[in-house]
Amino acid sequence: LGMEHDGQGNRCADETSMGSIMAPLVQAAFHRYHWSRCSKQELNRYIHSYDCLLDDPFEHQWPTLPELPGINYSMDEQCRFDFGVGYKTCTAFRTFDPCKQLWCSHPDNPYFCKTKKGPPLDGTECSPGKWCFKGHCIWKTSEQPYSQDGSWSSWSKFGSCSRTCGGGVRSRSRSCDNPPPAYGGRHCPGATYEYQVCNAEECPGPYQDFRAQQCSKRNSYYSHQNSKHAWLPYEHHDDAQKCELICQSEGTGDVVFMNQVVHDGTRCSYRDPYSVCVRGECVHVGCDKEVGSLKQDDKCGVCGGDNSHCRTVKGTLAKTPKQPAGVLKMFEIPAGARHLQIEEMEPASHSIAVKNQATGNFILNTKGKEAKSQVFIEMGLEWEYTIEHGKESLKTSGPLHEAISVLVIPQEEEVRSSLMYRYIIHEDLLPMIGNNNVLLEEMDSYEWALKSWSQCSKACGGGIQYTKYGCRRKSDNRMVHRNFCDNGKKPKPIRRRCNLQECSQPVWVAEEWGACSKSCGKLGVQARAVQCVQRLQDGTNRTLHTKYCPGQRPETRRPCSRLPCPAQWRTGAWSECSASCGEGVQQRQVVCKGSESGGRCEGNKPEAVQGCHVALCPGKLSGITASTAAGDHGTPKGPRVSQDRTKNPVSKISSKEPCLGDKSIFCQMEVLARYCSIPGYNKLCCESCGKKASSATGSPPATGPSTSPGTAAPSPAPPLSPRPTTPAWGAPTGDPTPAP
């Protein structure tokens, strides 16, 4: 299933010593075989997508399994499952308790015992009348052994707070060892760790985003693609990765996983101001700063409030710049504002810019930067900036930790800028109401409206679909962010049946056969795709699992072009040179491939034997020089012996080197005698081959080249003398020169 090992791909190293299933093999312990909290989380997240678990097993009447699986499998059989054929229980040493770990060995090497650290299956016979149960060898009983449920130890003291201000976390823990679960007893219910929010007061000075601080710390030392970057915080869309430290390069926009979790006390999400990350997991915190609390802020930040202290401020402002190409300040939004919305009234060429008043830094559209639609994180909040049909808009759910200034950067001279803004704020933080803004008393200016129907759950045969709701502004019926609507008033989804038409019978659809893999011979095959397809009402097709199609599936592979290939010469590799120095011969196999079917190979048969020359033999130089000189000045009485050298290469080789006996015991095997004609074999088994030759002819083995009519031959040398006195090859045969 591709699951992570505990402590290697995840943060559950503490559970490996307890015996978690996904512990790395070296660390595995088996006294409590269980899924770690990380494995549980991973399974819950992905198990619905494991298609291999969704198939129909066809046969539904399965036999009932024995309560203890080891009843049907001996320790020897379990060794075979673990290590392969032939493995049995290790007998080289006796373990104190054979049920602690299954040790196995192979009969070929019985003293080399192996284990995968796992215990034998419960119910495995460990000695007469006894079986293994939870790692212990106990007497067999008709009833299951008495199981002992685990019980918690007392809580430890709370540790130190993870942050000095801004909301940190401290934790305490307990162990399930009072007593531990045994003999299949249940593990302790409830959590091992308990958390508390601590030092919840805001940090002094301008607001600092804790996640952003962790990213910016890496600016000085973390390199990505061989260069340094300015790192901004990035929130992953997957809830399971909210507590990973992921940063985005300000320059390139690259998103990089920093391969570690955020510090304890970091907010899980910019959309939730209270829930925090602890030990790499998100812990839900209510607005009352209590872990696990379900209390929520109302629209203006009163914990558990009813919106009675909330005020909505709305304003519209139009200005024309006095100086060309200057920055035009439009208005300010105070700290504490929530559900902020800023929009252009009409399309314009200028850009909206936003500045943090506490720091003086621009958070949107610094002058000279190109304006583009984006979701970005600034001032510890997620902002959504869009440009649609030339009109800009900016939204955030807040709350603003510091006041902001909204400015306009004109692109042309004297273009009138017209902006609308709206936000909700607590009455105690309400700014002075002037000519440009009005106080809206009504809070129900937004409503939930039907947006669309979900996709039908089935393509035919009657499925179900549900209503999807969006948040709509009553004043202009425009859909806005869902945060503007009260979640408690969201209507329950309506369901209806859909795609009621009957499903057509699925059929097999086969594509054209592909090209043949071979043009001749016995191995040619061709393939094609075969799918189970159902025709839908709208004229489209959908592919189904093969079990839904009737009848036999058409074949997807078939033999093709199984014709004998035309006969052709095939050659093997050349053998090594028969001589280690001087001149020798090489051989290779030459076969007419395909002649067995009656064909004949065209053209001349390639050479099967050729001469070869290795470095000069030590001490032969003067003899060769002398023979060459003699040849130059003398008048040859016949052709050189070298012309005759390919007629009997075997005898040539044996004439050059003395036989010092067979070099292998296999030489004496009668069945191998036929290989004496091969130079390499003759050299290896010179003694046996010599005996065979002499017994065949009834005379000592010939060591000189054979004589043909009309060719002079050198005088025969004494056979197998320790120091050869045969003529030097290359000298004129009528005037032999002895070798030195």
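I began with Cys38, which counts as buried at 8% relative accessibility (buried is under 20% relative accessible area, exposed over 50%, partly exposed in between, with a 1.4 Å probe and protein chains only).

Before going on, I noted that this is a predicted model, where local features need pLDDT of at least 70, side-chain atom pairs count only at pLDDT 80 or more, and totals for chains, interfaces and linings use all residues. Residues are numbered from 1 along each chain as its sequence is written, and side-chain values use heavy atoms, leaving out hydrogens and water.

I then looked up the partner of Cys38. A disulfide joins Cys38 to Cys12, S to S 1.9 Å (a disulfide is a pair of cysteine sulfur atoms within 2.5 Å). I found 85° about the S-S bond, so the link of Cys12 and Cys38 is right-handed. Cys12 lies in the segment before α1 (37-46) and Cys38 in helix α1, so the pair ties together parts 26 residues apart in sequence (helices, H or I, at least four residues, and strands, E, at least two, are DSSP runs numbered from the N terminus). Cys12 is buried, at 0%.

Next I checked Cys460 and Cys503. Their disulfide has S to S 2.1 Å. Cys460 sits in the loop between β28 (446-453) and β29 (463-473), and Cys503 in the loop between β31 (495-498) and β32 (507-510), 43 residues apart. Cys460 is buried at 5%, whereas Cys503 is partly exposed at 36%.

Last, I turned to Cys667 and Cys685, S to S 1.9 Å. The torsion about their S-S bond is about -65°, so this disulfide is left-handed. Both cysteines, Cys667 and Cys685, are buried.

For the total, I noted 25 disulfides.
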